[in-house]
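Subject: A structure for you to look through

Dear colleague,

Here is the structure I promised to pass on to you, and below it you will find my notes on what turned up in it. Please keep the sequence and the model open beside the text while you read.

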Amino acid sequence: MSVIGQGIDRLDGRLKVTGQATYSAEHKLPRLAYGVMVLSTVPKGRITAIGSAAIGRMPGVMLVMTHQNAPRLPKPKAEGKTSGKDGSKSAGAEQSKPDNKQQPPNPKLSLLQDDRVEYNAQPIAVVVADTFEHARDAARRLQVRYATSPAQLDFQQAKLRPRRPEPQPERPPETGRGNAMRGLQNAATRVDVTFTTPMENHNPLEPHATIAAWDGDALTLYDSTQNVSGARRTAAHSLGIDPDKVRVVCPFVGGGFGSKGTTWSHVVLAAMASRMAGVPVKLVLERTQMYGPVGARPLTEQHLQLGAGRDGKLLAVTHDTISSTSFVDDFVEPCTAVTRKAYASDSLQTSQRLATLNVGVPTYMRAPGESSGSFALESAMDELAYALKMDPVALRLVNYAEKDPEKDIPWSSKSLRECYRAGAERFGWSRRTPQPGSMRADGKLVGWGMATAAYPANRKGAKASARINPDGTVLVRSGTHDLGTGTYTVMTQIAADALGLPVSRIRFELGDTTFPEAPVSGGSQTVASVGPAVHQAALAARDKLVATALGDSGSALHGLNPNEVDAVDGWLVAKADPKRRDSMAAVVARNGGKPIVGEASAEQGDEKKRYAMQAFGAVFVEVHVDPDLGTIRVPRIVGSYGVGRVINRKTTHSQLMGGIVWGIGMGLMEKTEMDWRVGRAVNANLADYHVPVNADIGEIEIIVVDEQDKHINELGTKGVGEIGITGVAAAIANAIYHATGKRIRDLPITPDKLIDV
């Protein structure tokens with residue numbers, strides 16, 4: 001029986017619950033000092049004075065690094081623009097040109113190279129001391145004076161001068177097919193609506209943290225990152241050193257959700273401070289410092305128009321998005337990506353535009369683009385269903401895309417029909433009465449809503465190695481990451497299956513740039529990318545082992561052909577005569593005890609040119625709304641998904657459930673409250689920034705339909721980390737409309753928006 005698909009327990013679970021898992025801030029180094037960042041308190045201007053001399057005389061203080069004394073870093077090359085969007089010089093050195101095969105585009109860094117301030121909470125100094133308490137005290141006493149300049153902090157004003165973003169792979173600023181305007185004119189029913197989503201901040205349990213240590217001209221970074229290879233490239237480029245002189249180590253990540261896929265300023269600042277102070281420096285962001293210098297989900301305003309015939313078929317779709325970005329660097333929230341592929345319509349038009357503000361550079365947050373975009377699209381589809389007096393599931397089935405409507409190529413696999421059927425059946429959707437306000441329970445208004453979930457099935461090139469040891473154990477390595485998602489466990493299962501070994505005989509190691517390179521752990525691509533590399537490396541090691549046995553006159557398998565031998569439970573076995581066998585350990589021992597190593601590089605072929613690759617699902621939500629207070633409860637959700645071959649049933653279930661929980665937060669709670677007079681978050685803590693807790697979550701049921709995908713990769717796997725959040729906010733909004741008759745198009749949906757004043 002294959003170990004793939006089994007819901008085995010997390011192999012790193014015991015380390016975590018016993019406190020033995022070493023996170024980035026917990027590595028022990030001799031002479032370790034502590035760094036604390038100082039952030040700006042104005043949104044735009046220049047630093048005119050900074051009282052570093054007095055701070056340097058405080059107890060324990062070893063260094064006050066400011067723009068006045070920070071090391072001068074290499075100038076960006078000509079192809080990397082250093083000007084802000086207003087033509088002014090950037091506040092820091094530019095990162096290396098993105099390698100689209102390995103990492104997402106990175107923002108410019110604030111590395112104390114000049115006196116300019118481009119946003120509130122920009123890093124402007126680092127204080128290093130012998131203890132954290134000394135460093136924090138000194139940092140808070142640092143006096144800074146500014147000459148302020150007018151800042152753009154009004155999204156409504158900024159969107160009046162929208163900018164067209166630079167084209168990115170799979171993210172064009174405009175798309176079109178057919179004649180959307182004519183389709184709208186000919187439509188029997190039209191919906192013309194605008195939706196907004198707020199700025200949201202990541203709040204992983206582990207904040208961003210880096211320990212930087214120099215050994216001569218070589219740098220080691222213990223960094224909490226989703227991209228050890230990207231962090232190495234960025235640090236090397238920023239500091240002007242050879243990437244081979246930089247090692248990045250990250251065995252565990254305490255949550256990332258996209259924010260740690262980018263290398264931010266504090267990583268390089270820690271390295272600079274360590275070199276100046278002559279000691280290793282630990283720099284951990286305070287919770288309040290997680291709001292500003294390390295990205296956030298941007299604001300969006302999305303205008304949708306849907307036109308349909310009387311039968312519900314979409315004749316036209318338009319989706320125009322404006323999202324906030326920064327003067328420091330651009331970030332595009334690709335909200336229209338889901339619309340371009342979701343439903344069959346011969347006429348479609350989309351656009352992406354940017355509104356530039358004096359804020360920190362936005363970044364990826366779980367299901368970037370698809371989560372915000374699906375809220376708008378799936379809410380608009382619900383409005384169309386009501387306008388047509390049509391069941392929301394039936395409307396989606398009428399417009400079911402049998403192939404990718406954007407590229408006009410077949411899906412590698414698509415089980416969305418089965419997701420609709422299984423989810424609706426388990427939820428009891430047929431018992432829904434369509435009239436808003438028609439369902440009640442215990443004095444509460446009851447609403448049932450649904451939405452489609454979708455997320456791209458991404459994959460990048462990855463490498464891995466597998467080493468069969470003389471004791472019969474196997475060490476497998478890849479420079480990937482475990483964000484709490486189960487990578488250690490899943491990769492162990494893949495290797496064990498390929499080698500015919502029990503999981504207990506496999507050790508998988510990750511999170512180190514000395515290991516074979518893997519891509520960023522983002523975009524739900526880790527299993528689909530690294531899994532094939534691990535599988536191929538394990539098979540390569542097994543093939544070498546078999547060849548060694550067949551060429552060994554002392555082996556019971558001597559003289560057989562490779563295809564006549566199987567690997568079973570630590571033995572090489574003749575298929576025709578199972579009594580002819582040789583243990584893996586014995587084969588290695590007779591080979592002089594030298595480990596047998598297999599290496600592999602699993603690259604994506606041309607399959608994406610021939611097939612469109614997506615994961616799909618359907619979300620069904622029940623809400624209870626207090627008619628007097630407007631309070632909203634979500635007692636149950638059913639999510640049904642087609643995500644390719646499941647490697648570990650338990651971790652898959654956990655990832656999908658976690659995404660749904662976040663979707664509840666997105667729909668009902670999450671919002672970064674900004675004081676737009678100064679451009680600073682006022683709820684920059686876990687007391688005031690609301691996220692779901694156990695009491696907010698009702699019953700969540702997960703269905704994973706059986707799906708075979710022979711095209712995406714040799715394992716048939718798709719990612720599950722992000723699809724779970726998509727569609728949830730829309731399903732909640734649709735359920736609230738069904739309960740109350742009030743259509744809320746601005747997230748989050750809070751009680752004040754449901755109470756008639």
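A salt bridge, as the term is used here, is a side-chain nitrogen of Lys or Arg within 4 Å of a carboxyl oxygen of Asp or Glu. The model is predicted, and local features need pLDDT of at least 70, side-chain atom pairs count only at pLDDT 80 or more, while totals for chains, interfaces and linings use all residues. Residues are numbered from 1 along each chain as its sequence is written, and side-chain values use heavy atoms, with hydrogens and water left out.

Salt bridges

Side chains of opposite charge can pair when their charged atoms come close. A search of the whole structure finds 44 salt bridges, and a few of them are described here.

E509 pairs with R477 in a salt bridge whose closest N and O atoms are 2.7 Å apart. The two residues link distant parts of the chain, since E509 belongs to strand β22 (residues 506-509) and R477 to strand β21 (residues 474-477), 32 residues apart; helices (H or I, at least four residues) and strands (E, at least two) are DSSP runs, numbered from the N terminus. E509 is buried, with a relative accessible area of 17%, whereas R477, at 29% relative accessibility, counts as partly exposed. In these terms, buried means under 20% relative accessible area, exposed over 50%, and partly exposed in between (1.4 Å probe, protein chains only).

D115 forms a salt bridge with R46, and their closest N and O atoms are 2.7 Å apart. Because D115 sits in the loop between β3 (61-65) and β4 (116-117) and R46 in strand β2 (residues 45-50), this pair ties together parts that are 69 residues apart in sequence. R46 is partly exposed, with a relative accessible area of 38%.

A further salt bridge joins R636 to E622, with the closest N and O atoms 2.6 Å apart. R636 lies in strand β28 (residues 632-642) and E622 in strand β27 (residues 614-625), so parts that are 14 residues apart in sequence are tied together. E622 is buried, with a relative accessible area of 10%. Elsewhere, salt bridges that share partners join R340, K341, D404 and E406 into one network.

A pair of helices

At what angle do helix α16 and helix α17 pack? Helix α16 (residues 649-668) and helix α17 (residues 728-740) meet at an angle of about 55 degrees, with their axes 8 Å apart, where axes are lines fitted to C-alpha atoms, for helices over the stretch in contact, and angles run from 0 to 180 degrees between N-to-C directions. The contact (heavy atoms within 4.5 Å) is made by I660, G663, I664, M666, G667 and L668 of α16 together with V728, A729, I732 and I736 of α17. By class, this contact of α16 with α17 has 8 nonpolar, 2 polar and no charged residues; Ala, Val, Leu, Ile, Met, Phe, Trp, Tyr, Cys and Pro count as nonpolar, Asp, Glu, Lys and Arg as charged, and the others, Gly among them, as polar.

A residue in a loop

Finally, please look at N399, which is found in the loop between α10 (392-398) and β16 (403-404). At 1% relative accessibility, N399 counts as buried. Leaving aside its neighbours within four places in sequence, N399 is in contact with G312, K313, L314, Y343 and A344.
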